[in-house]
Amino acid sequence: MSYDGVVTYAMVHELNNNIQYGKIEKIYQPQPEQLIFNIHTKQGRRKLFISASGSHSAAYLVEDTPENPVNPPVFCMVLRKHLSAARITSVEQHENDRIIEISMETIDELGFNLNRKLIIEIMGKHSNILLIDVQSGKIIDSIKHVSLDVNRARQILPGKAYEYPPAQDKEPFTSADEVLIGQLVKGQLQPERSLLAGVQGISPVLAQSAIHYSLDDIDGSVNPYAVHNYLSSLADAVDHEAMAPVVYVDEDGKPADFHITPLSAYEQDSRYKALSFDTISQAAAFYFVNRQSSNTVKQRSNDLLRVVKGHLDKLKLKVQRLNEDLYAAENSEKYRLYGELLTANLHLAKQGMKELTVISYYDQSQVKIPLDPRFSPSKNAQNYYKRYGKSKTAIKEKKLQLEDANGEIEYLESVYDYIERAGSIEELGLLRDELTESGYVRQKKDKHARKKKDKPKPYSYTLSSGLSFLAGPKNKENDWLTLKKASNNDIWFHTKDIPGTHVILFTDGQEISDLDFFEAAAIAAYHSKGASSENVPVDYTKVRYVKKPAGAKPGMVIFTHNRTLYVNPGLPETGKKH
């Protein structure tokens, strides 16, 4: 657990310095298990973020406010009722546990002072946020309700007396002395586990660091005095504001852990890089936001990919069946021949016959004509003419349906590629909106929802020559770039027969060099499904030769006068992405 008791101790110190005696102005609940408090202080406005999410349980100060729902949840309304204009009197930690208590004073409708306490329990999937009436000690409400069916030992429901989580019989790290630590670690094969089991507030990775930095250089034994000094130094660093908040990120830039002090497990591992921050809130915000963003992007992209793949599978099955029907219809010439030959030889056929063998007047070959014994020979001939006529009509209809289905497949494959390459929740949201508008995703019904007009946000580059280059991150941007933003003499690029984005090279009336063409084509290949390949074909032509057929899906165009370059995907070394 990254957010251990030591981090909680540091965060409480930081919150006291920033929000103590502050006045609560606004309260938001952007997500079911998250809260934002806007607090007015003498130093200016502060924003306190609190989360009881299992993967993001934490409390820290933030700069930005996430988008909030139109209708605030019930718990948010309860907090607004009881804490609006409340004054924060103190921020405390319960022992050295991951529990933060924010005490507040407020005034009721009659002008009497009331004391309220917001308790934040940071305990992974068991995390919670509770509003307590100090005088009665009872729970007013909580962001999560825990009934008897869920937990027999500790229920969290409005009206029940608040009880702290069961004690674990550990000594707080701020009061653990050298004698206790010696008893815990001396002679132990795994002293870090013993330390973790006996000292409150430390996480496994911090216990590992405490032991690592306390090993005797000669015999490798653990020095209890050094362990005690290590733990004491953590509290001293917080009290004297001498912390060194750090976040460790892996080779992909994904946060792995954070703390108020360097951690030996990551310092010794070359796969991780340490990022330093000025405050523990900054470190926590970077860790949780980037970690959550990465997980959320992956989860939401998987959800969208599953939807798109479902439509693609259905369309590909439809194309297969249409091709089979088209093949059968295109082989319907025999029905016309049967009808003609049967009509010419009606005198040889009699009702009740199952077949008739005649000589074809086209090539003098023998032709066996199957007959339905229920009908007369003339009726059999009429049936063959009807089947031939239906087949001819089917050919036209099936070809149109096949063209539409292939067009949908091309569109959905481009969207699938965009989803795979999406790097943010915002991009996925825009792609979801596009799929909703196109009818592939159901529209969420919300009569209070406010539709925002999205502004195009294409990727922007500057080539070596200084020319501007834009690439659309999704199909709606593609249409805007090609059909509205670009002028007739600008150059349009797109990977040949490979899903990718529209990219525009703005000529500004200048002559385009070969280097410009190759750099632009390489960027187009980079923003395509062929990004991991080599020698990718990229078509290019002037924008004047790019047209959008009536009724075509977003991003779908036709073009002429094109040429093709073969390039390796990549961004120009001197180019800049904005």
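Analyst: On a 1 Å grid over the protein atoms alone, a cavity is a set of points where a 1.4 Å probe fits but cannot get out, whereas a pocket is an open set with protein on both sides within 12 Å along at least five of seven lines; lining residues have an atom within 4 Å of a point. A volume is the space filled by probe spheres set on the points, which are joined across faces, edges and corners. This model is predicted: local features need pLDDT of at least 70 and side-chain atom pairs count only at pLDDT 80 or more, while totals for chains, interfaces and linings use all residues. Residues are numbered from 1 along each chain as its sequence is written, and side-chain values use heavy atoms, without hydrogens and water.

User: How many cavities of 30 Å³ or more does the structure hold?

Analyst: The structure holds 2. The largest cavity has a volume of about 50 Å³, and its lining includes Y418, R421, E427 and H527. That lining has 4 nonpolar, 3 polar and 2 charged residues (Ala, Val, Leu, Ile, Met, Phe, Trp, Tyr, Cys and Pro count as nonpolar, Asp, Glu, Lys and Arg as charged, the others, Gly among them, as polar).

User: Which residues line the second largest cavity?

Analyst: The lining consists of I24, F37, I39, L48, I88, I102, M104 and L118, around a volume of about 40 Å³. By class, the lining of the second largest cavity has 8 nonpolar residues, with no polar and no charged ones.

User: What is the volume of the second largest pocket?

Analyst: The volume is about 830 Å³. This pocket is lined by 35 residues, and D97, R98, M123, P165 and Q168 lie nearest its centre.

User: How do I read a helix pair?

Analyst: Two packed helices are described by the angle between their axes and the distance between the axes. Axes are lines fitted to C-alpha atoms, for helices over the stretch in contact, with angles from 0 to 180 degrees between N-to-C directions. Helices (H or I, at least four residues) and strands (E, at least two) are DSSP runs, numbered from the N terminus. The axes of α1 (residues 5-19) and α6 (residues 224-239) come within 9 Å and cross at roughly 20°.

User: Why are α1 and α6 called roughly parallel?

Analyst: Angles under 35 degrees count as roughly parallel, over 145 as roughly antiparallel, 65 to 115 as roughly perpendicular and the rest as oblique, so α1 and α6 are roughly parallel. Contact (heavy atoms within 4.5 Å) joins V6, Y9, A10 and H13 of α1 to L234, A235, V238 and D239 of α6.
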